[in-house]
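Subject: Structure for you to look at

Hello,

Here is the structure I promised to pass on. Please open it next to this email and follow along.

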Amino acid sequence: MKRTLIAGLISASMATGAMAAESVEVLHWWTAGGEAAALGVLKKDLESQGVSWNDMPVAGGGGEAAMTALRARVTSSNPPSAVQALGFDITDWAKQGVVADLNTLASKEGWDKVVPKALQNFSKFEGKWIAAPVNVHSTNWVWANKAVLEKAGVTTMPTSWDGFIAALDKVQKAGFIGLAHGGQAWQDATLFDGVVLATGGVDFYNKAFVQKDEAALKSPTMKKSFDRMAQLRSYVDKDFSNRDWNLASAMVIEGKAGFQIMGDWAKGEFLNAKKVPGKDFMCFRVPGTQGMVSFNSDQFLMFKVGAASQGAQMKLAKAIMNPNFQSAFNVVKGSVPARTDVSNAAFDDCGKKGMADLAEANAKGTLVGSMAHGHAVPASIKNGFYDVITQHFNGTMTSAGATMAMAEAVQ
Ligand code: BGC
């Protein structure tokens with residue numbers, strides 16, 4: 001009698017689903033301190049709704065390693081519920097017919113009206129919402145240690161290329177490392193986003209990276225961009241090879257180096273180290289790219305999963321798109337919200353600038369997709385560009401040779 005009662009209770013609670021543990025499995029590459037802190041905001045949010053979090057971290061900026069891990073899971077028909085993904089990678093997965101349909105939730109919550117069109121181009125495939133954008137990052141930022149600059153006699157932040165080189169010289173002469181950098185292909189390419197924008201402007205950037213125009217890829221402007229990469233290379237320390245980006249950020253945070261060119265996820269590291277913008281560190285656009293924004297957006301791409309996992313998956317998508325969450329998360333991550341209706345009140349000065357820059361660039365047509373972070377060309381071409389940029393940065397290719405090789409990479 002007693003036994004039947006207990007068994008009955010157990011099966012009743014399983015039938016309602018209310019007591020059954022819901023969970024999401026999430027693949028991502030947020031393993032640095034600031035990234036983990038931001039992810040913690042999302043985990044907590046879900047856990048407060050009774051959804052447990054099954055973490056699948058695969059380190060590596062730009063998500064190359066994460067995409068390789070994902071391929072193995074999709075091939076064995078066992079994808080995670082949600083995957084951090086960038087731009088064209090999202091579209092590539094959608095083409096394989098393995099992603100979920102979020103349209104019911106998206107129309108109920110009005111995502112079409114609040115997510116910028118530049119992001120929707122990737123969040124939707126053939127009219128269906130398939131991913132929930134969690135942020136907008138941008139790559140054409142410089143991060144600087146204020147005390148180092150003061151000691152080096154750099155009093156104002158440079159706004160021109162020559163001004164930047166002069167500042168780098170001063171920092172080196174004062175005994176610091178000019179540019180903190182990690183020699184990994186995606187980091188070299190991140191520098192290149194800003195350098196190409198500074199050298200050729202928005203029209204050239206679009207011609208070369210979005211339209212893959214052969215003449216632009218082979219042009220003197222492209223060669224000049226490579227010459228500038230070689231200039232930057234001369235301010236990098238000898239131990240740069242394969243250094244992780246967050247360790248390069250730490251060099252600026254700890255006052256060993258003056259500058260780092262990196263996307264605004266770097267700000268997450270400064271904040272995680274309790275540093276204050278304007279007081280301890282400065283943020284400014286890569287000199288010559290003021291008014292321009294090369295963006296990338298982390299989106300959680302949802303995969304087709306069994307019925308038992310779908311409820312939790314929708315809870316995750318809904319949580320990501322919540323305006324309060326978008327503020328709380330992005331304040332920690334260093335990025336800005338993926339919705340246009342979120343207040344900037346909780347953001348620090350760099351975040352406020354990031355939000356204003358994005359709105360301005362969007363209105364003026366100076367918003368471009370980051371090549372380095374998958375928002376200009378698909379991985380098949382991006383990886384070809386990566387190879388060229390990295391070989392050149394490591395001195396095994398001349399600027400003229402690299403310029404020709406860029407044009408070959410799109411073929
Ligand atoms: C992602 C960021 C991440 C960075 C470094 C970028 O591709 O968009 O969210 O912080 O890589 O891991």
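Below is what was found, topic by topic.

The model is predicted, so local features need pLDDT of at least 70 and side-chain atom pairs count only at pLDDT 80 or more, while totals for chains, interfaces and linings use all residues. Residues are numbered from 1 along each chain as its sequence is written, and side-chain values use heavy atoms, with hydrogens and water left out.

**Helix packing**

Two packed helices are described by the angle between their axes and the distance between the axes. Helices (H or I, at least four residues) and strands (E, at least two) are DSSP runs, numbered from the N terminus. Axes are lines fitted to C-alpha atoms, for helices over the stretch in contact, and angles run from 0 to 180 degrees between N-to-C directions.

Start with helix α10 (residues 185-210) and helix α18 (residues 379-393). Their axes are 10 Å apart, at an angle of about 110 degrees. The two helices are therefore roughly perpendicular. The cut-offs are these: under 35 degrees is roughly parallel, over 145 roughly antiparallel, 65 to 115 roughly perpendicular, and the rest oblique. From α10, the contact (heavy atoms within 4.5 Å) uses A185, W186, D188, A189, L191, F192 and F209. From α18 it uses F385, Y386, I389, T390 and F393. By class, that gives 10 nonpolar, 1 polar and 1 charged residues. Here Ala, Val, Leu, Ile, Met, Phe, Trp, Tyr, Cys and Pro count as nonpolar, Asp, Glu, Lys and Arg as charged, and the others, Gly among them, as polar.

Helix α12 (residues 220-233) also packs with α18. The angle is about 50 degrees, and the axes are 9 Å apart. That makes α12 oblique to α18. F226, M229, A230 and R233 of α12 meet V388, I389, H392 and F393 of α18. This contact divides into 6 nonpolar, 1 polar and 1 charged.

**The disulfide**

How many disulfides does the structure hold? There is 1. A disulfide here is a pair of cysteine sulfur atoms within 2.5 Å. C283 is joined to C350, with S to S at 2.2 Å. C283 lies in strand β11 and C350 in helix α17 (residues 349-364), so the pair ties together parts that are 67 residues apart in sequence. The S-S torsion is about -110 degrees, so the disulfide is left-handed.

Are these cysteines buried or exposed? Buried means under 20% relative accessible area, exposed over 50%, and partly exposed in between (1.4 Å probe, protein chains only). C283 is buried at 16%. C350 is buried at 6%.

**Positive phi**

Most residues other than glycine have a negative phi, and most peptide bonds are trans. Now look at E126. Its phi is positive, near 50 degrees. E126 sits in the loop between β4 (124-125) and β5 (128-129). It is exposed, at 74% relative accessibility.

K274 has a positive phi too, of about 65 degrees. Find K274 in the loop between α14 (266-272) and β11 (281-285). K274 is exposed, with a relative accessible area of 68%.

N272 is found in helix α14. At 39% relative accessibility, N272 is partly exposed. N272 touches G33, G34 and A37, leaving out residues up to four places away in sequence. M292 is 20 residues from N272 along the chain, and their C-alpha atoms are separated by 27 Å.

Best wishes
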